[in-house]
Amino acid sequence: MACIRGERPVFSGVSFSLEPGGALTLVGPNGSGKSSLLRILAVLLKPAGGTLTWEGAPVDQDWTAHRQRLHYVGHLDAVKPTLTATENLRDWARFRGAARAAPGALEALGIEELADVPGRFLSAGQRRRLALARLLAAPAPLWLLDEPTVTLDADASARVTAMIAAHRTDGGIAIVATHGEIALDGAGRLELGEHAVSADMLMTEADGESEEEEQW
Amino acid sequence: MVGVFLRLVGRELTLAVRGGIGTLMAVVFFVIAVTLFPLGVGPELGLLSRIAPGAVWVAALLAALLSLDRLFVADHEDGSLEQLMLGVLPIEFVVLAKAVAHWLTTGLPLAAAAPVLALLLNMSVDGLVILIVSLLLGTPILSLIGAVGAALTVGLRRGGALIALLVLPLYVPVLIFGVGAVEGAVLDVGVHANLSILAGGLVGALVLGPLAAAAALRMTVE
Amino acid sequence: MATRATGATRRGRTRWASIHFFANPARFLRVARAVYPWAAGSTAALIVAGLVLGLYVAPPDYQQGDAYRIIFVHVPAAWMSLFIYVVIALCSAASLVWRHPLADLVAKSSAPVGAAFTFITLLSGSLWGQPMWGTWWVWDARLTSMLILFFLYLGYIALHAAFDDPAKGARVAAILALVGVVNVPIVKFSVDWWNTLHQPATISKIDAPSIDSSMVAPLLLMAAGFMAYYVTVLIPRVRAQIASRRIRNLRMAQVSR
């Protein structure tokens with residue numbers, strides 16, 4: 001799988017597979033493409049090459065089905081300032097197709113006492129907890145988390161780690177981009193820095209083009 | 001699916017109501033813009049009644065444009081848009097729900113405020129009724145076309161001015177048939193042709209607008 | 001959940017070498033190089049011939065005298081501005097459906113040419129209006145439609161330029177072009193409708209005067225000349241686009257070194 005972000009090639013030659021209950025941490029320096037890879041897996045971004053399969057079937061055959069089996073928590077919390085925590089959570093559960101938010105999601109992240117507080121009064125860490133509560137409010141087997149514990153305190157980070165562990169025990173899969181704050185037992189580790197597109201490869205490509213275009 | 005669609009419309013309306021005075025901006029702008037016309041062309045009643053249909057419609061058009069730049073941008077900035085794109089509702093229906101909510105918070109209040117303003121411009125009572133009808137048929141088209149313009153400019157740093165440039169030429173037919181209907185009523189020469197064309201345009205915009213806007217969103221939200 | 005890898009170098013190749021004859025820029029450049037002198041030559045020949053026939057050979061109009069001769073510029077320019085908009089829309093469809101890289105470049109390169117033809121149409125129409133109607137601008141149905149077409153061109157160009165990533169700008173602008181092409185007939189229809197509603201006081205003599213055959217020949221020659229001109233300016237513009245894409249590739253190679 002290869003990725004070009006904007007006009008900048010980010011990585012290539014990335015390949016992995018996960019079993020139910022498996023987990024993968026994406027590590028690498030800033031700009032190595034952790035977020036881009038997660039967005040590709042969430043089909044928010046089209047890969048420049050390669051394929052993505054689920055149980056053997058390429059997901060581009062049915063993007064709708066793929067969207068419904070994943071949860072994506074990116075850098076943005078998607079918390080509306082004028083809606084309360086409960087309302088925010090209820091809406092996301094509904095948009096994910098659940099009839100209502102599953103109970104216990106706020107409790108799992110330790111923000112049950114904030115249920116009726118509008119989003120604009122929440123701190124960055126509290127908004128982050130609310131965004132992560134979406135994972136529990138409507139179930140989905142594949143979790144794609146982009147640095148989930150940024151802005152979280154030690155208590156909340158521990159809760160998130162426990163959530164991921166419980167999710168995997170239930171047969172779920174988690175792919176987590178991190179700078180090393182999260183330790184997951186038995187998780188695979190993908191160093192995206194090792195897959196960076198090097199200048200040499202680019203030059204080869206550019207030369208290949210110029211051979212084709214030589215004649216003008 | 002219908003439930004999810006209605007929930008999204010309801011959410012947008014809640015956000016609009018809790019957003020406070022900003023939501024009423026379109027109507028306030030509409031009222032002020034229309035009152036500028038007599039100040040600009042003079043208070044002569046005959047002249048005012050002649051320009052009334054056009055003045056009201058042009059002001060409505062600009063008012064509908066006013067809030068378009070926030071249509072998707074707010075959701076884009078806080079991450080809601082990408083979550084909506086991952087939801088069960090196809091993006092086409094997300095667009096439709098947002099356009100419906102936009103119309104309920106701009107087009108509908110405009111149509112409600114229009115008769116009072118038209119009276120200020122000395123429009124005849126025959127004209128008033130058709131003015132409301134033409135606005136009720138025409139302003140949803142404005143919201144739907146506007147959604148396309150808004151979707152095309154999501155993620156641009158200065159999308160607002162660009163939306164006006166993209167969308168206003170596309171608004172021309174709505175303006176012409178909307179004003180045509182009202183003038184037809186005022187001059188008593190028949191309104192059906194204009195209103196039928198507006199209704200046809202609304203059906204077309206309901207189908208094509210969400211398709212085009214969804215295609216644009218898939219590209220602009222990466 | 002599984003992913004499969006493909007190399008970055010293979011990606012480049014699959015993107016270029018497929019789908020369509022002209023999808024390959026090398027092939028396009030070969031053809032363009034062969035066509036270019038012919039296009040440039042016929043532009044000059046056709047326009048000179050058209051001007052000679054139009055300005056000297058064709059008789060003066062019995063009503064308008066010599067002033068009508070501006071149609072030899074006005075009418076072909078109007079045809080071209082519509083034609084180029086259709087080209088942009090077709091290229092946009094090709095780029096969206098088949099991800100045809102050259103279609104993007106042709107669409108982007110065509111837009112300013114089309115806008116220029118539209119502007120010439122408006123300008124010549126306005127100049128014609130002065131002796132005909134005694135005013136520089138008349139809200140004639142055709143001129144009004146052309147004005148709106150001009151705005152559509154400006155919007156397309158502005159949207160294209162607004163994106164930092166040219167590939168993304170091309171795809172988004174392509175959608176606008178398709179929306180616009182659906183809208184152009186509606187705008188045309190609505191403006192005609194509006195014009196009959198507000199019957200102008202002036203008598204329109206632009207509409208299909210019985211044209212003498214001595215006037216048809218220069219009109220068609222000029223139209224062909226404008227078409228050749230379009231091809232002539234398009235080729236270097238597309239070349240420049242291909243070159244700038246290569247420069248971007250090389251610059252990125254330097255950045256990531």
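User: In this predicted model, at which residue does H9(B) bend by about 30°?

Analyst: The model is predicted, and in it helix H9 of chain B covers residues 192-220, which makes 29 residues. From the first C-alpha to the last, H9(B) reaches 40 Å, close to the 42 Å expected at 1.5 Å a residue. The bend of about 30° in H9(B) is found at Ala205(B).

User: Which helix of chain B gives the most to the side that touches chain A?

Analyst: The contact between these two chains brings together 25 residues of chain B and 27 residues of chain A, and 11 residue pairs between the chains are in polar contact, both residues being at pLDDT 80 or more. On the side of chain B that touches chain A, helices H1 (2-18), H4 (73-77) and H5 (80-85) each supply at least two residues. The residues of that side divide into 10 nonpolar, 7 polar and 8 charged. The helix that gives the most, with 8 residues, is H1(B).

User: Which three residues supply 28% of the area that chain B buries against chain A?

Analyst: Chain B and chain A bury about 2500 Å² between them, with 55% of this area on carbon and sulfur atoms. Of the area that chain B buries against chain A, 28% comes from three residues, more than from any other three, and these are Gln83(B), Leu86(B) and Glu222(B).

User: How many salt bridges are there between chain B and chain A?

Analyst: Over all chains the count comes to 17 salt bridges. One that joins chain A to chain B is formed by the side chains of Asp91(A) and Arg7(B), at 2.4 Å from N to O. Between chain B and chain A, the count is 6 salt bridges.

User: How many residues apart are Arg128(A) and Asp77(A)?

Analyst: The side chains of Arg128(A) and Asp77(A) meet in a salt bridge at 2.9 Å, N to O. Arg128(A) belongs to helix H5 (residues 124-137) of chain A, while Asp77(A) sits in the loop between strand E6 (70-73) and helix H3 (85-95). The pair thus links distant parts of the chain, and the separation is 51 residues.

Key: Residues numbered from 1 in each chain as written. Chains lettered and ligands numbered in written order. Predicted model: local features only at pLDDT ≥ 70, side-chain atom pairs only at ≥ 80, totals over all residues. Heavy atoms only, no water. Contact = heavy atoms within 4.5 Å. Buried area = accessible area lost by both parts, 1.4 Å probe. Salt bridge = Lys/Arg side-chain N within 4 Å of Asp/Glu carboxyl O. Polar contact = N/O pair within 3.5 Å; in protein donor to acceptor, adjacent residues only side chain to side chain. Helix = DSSP H or I, 4+ residues; strand = E, 2+ residues; numbered from the N terminus. Nonpolar A, V, L, I, M, F, W, Y, C, P; charged D, E, K, R; others polar. Expected span 1.5 Å × (residues − 1). Bend = angle between axes of the 7 residues up to and from the residue.
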